[in-house]
Amino acid sequence: MKEQLEKIKLEAKCSLEKATSLEEINELKVRFLGKKGELTQVLRGMGQLSPEERPLIGQLANEVRDELNSLFQERVAAIKKIEQEQKLQAETIDITLPGKTFARGSNHPLTLVIEEAKQIFIGLGFEIAEGPEIETDYYNFEALNLPKDHPARDMQDTFYISPDIVLRTHTSPVQVRTMERLKPAVPVKIICPGKVYRKDDDATHSPMFHQIEGLVIDKGIRMSDLKGILLAFVQQMFGPDRRIRIRPSYFPFTEPSAEVDVSCGICGGSGCKSCGNTGWLEILGSGMVHPNVLRYGGYDPTQVTGFAFGMGVERIAMLKYGINDMRLFFENDIRFLQQF
Ligand code: PHE
């Protein structure tokens, strides 16, 4: 019986080595280790052995079975590996072929200007505020010292959602919203970039455009503070050689009010075609916050003063990049957008 076991072991080993596929191995497994397999047959005959022989042969049979089992396992693993290698070799991927290139997007020029402006104002100690684009008549007009019958409302005719709800015509409502949020704390020092809407549509006006509002309130704020902040902004945005000019103007929510121009980047201020021979280009409206507006916002105009400004982002971008038609910003022409 001992010899029989050794023979089975040897035969199984030899056949295993020759086997080249998983099917063959399976067949061998059945042949040697299966229920009706050769090893099992031998074990069946154990009953005829003497009581002394039985444990010895039993032990040997177990050893043979264990050894064969692990041989089978090894062989299966080896064949699987070979099959995998063959599969990989059969695959013909040419890794030297050029890959698919994806068109890379870029930031819209208006986004670039807004981001740059934010960084400049953050550097000057401002915080970023926000307000809704769908605004109440109260914040858009009333609390900015523009009562219902005020003639200056004509300048900013807009899209009415209901008699009391409008698409905001400017970012100035955020002035009052911010004051209500922060009162009575000073200093207030915020800018608010955002979309605004007006009933205009031509080469220099779009029904939707962007503004950046600025508001500063503190004890003793003066017009010279406004000039200093705006000069610092303009020189960082357009270049250190730029100057600003302040002209009297009118807004119901500032008193006094001023329009601010930047010196022309092409002629340097002497006058040329692109600045209409004036040497200056208008970029924003501004002024000292009207006492009524401070009161609407919850501040005491006998204690604090402030300045505010509102600039057109499209206008800044047109000047910065030399763009002559505002509609280009919104037509989504890839040839235009790719340049930024
Ligand atoms: N809101 C004004 C406009 O849209 C600009 C402005 C803002 C003027 C703040 C003065 C102060 O025309």
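This report describes the cysteines and the salt bridges of a predicted model.

## Cysteines

A search of the whole structure finds zero disulfides. The pair formed by cysteine 267 and cysteine 275 shows how this can be read from the atoms: the cysteine sulfur closest to that of cysteine 267 belongs to cysteine 275, and at 3.6 Å it is too far away for a bond, because a disulfide requires two cysteine sulfur atoms within 2.5 Å.

## Salt bridges between separate elements

Side chains of opposite charge can pair when their charged atoms come close. In this structure there are 18 salt bridges, and a few of them are described here one by one.

Glutamate 67 and lysine 9 form one of these salt bridges, with 3.2 Å between their closest N and O atoms. Glutamate 67 belongs to helix 4 (residues 53-90) and lysine 9 to helix 1 (residues 2-18), so this pair ties together parts that lie 58 residues apart in sequence. As for their accessibility, glutamate 67 is partly exposed at 28%, whereas lysine 9, with a relative accessible area of 19%, is buried; the value for lysine 9 falls on the buried side because the limit for that class is under 20%.

A salt bridge also joins glutamate 135 to arginine 177, and here the closest N and O atoms are 2.7 Å apart. This pair, too, links distant parts of the chain, with glutamate 135 in strand 2 (residues 134-136) and arginine 177 in helix 7 (residues 173-182), 42 residues apart. Glutamate 135 is buried, its relative accessible area being 1%, while arginine 177 counts as partly exposed at 27% relative accessibility.

Technical notes:
Residues numbered from 1 in each chain as written. Predicted model: local features only at pLDDT ≥ 70, side-chain atom pairs only at ≥ 80, totals over all residues. Heavy atoms only, no water. Salt bridge = Lys/Arg side-chain N within 4 Å of Asp/Glu carboxyl O. Helix = DSSP H or I, 4+ residues; strand = E, 2+ residues; numbered from the N terminus. Buried < 20%, exposed > 50% of the residue type's maximum accessible area, 1.4 Å probe, protein only.
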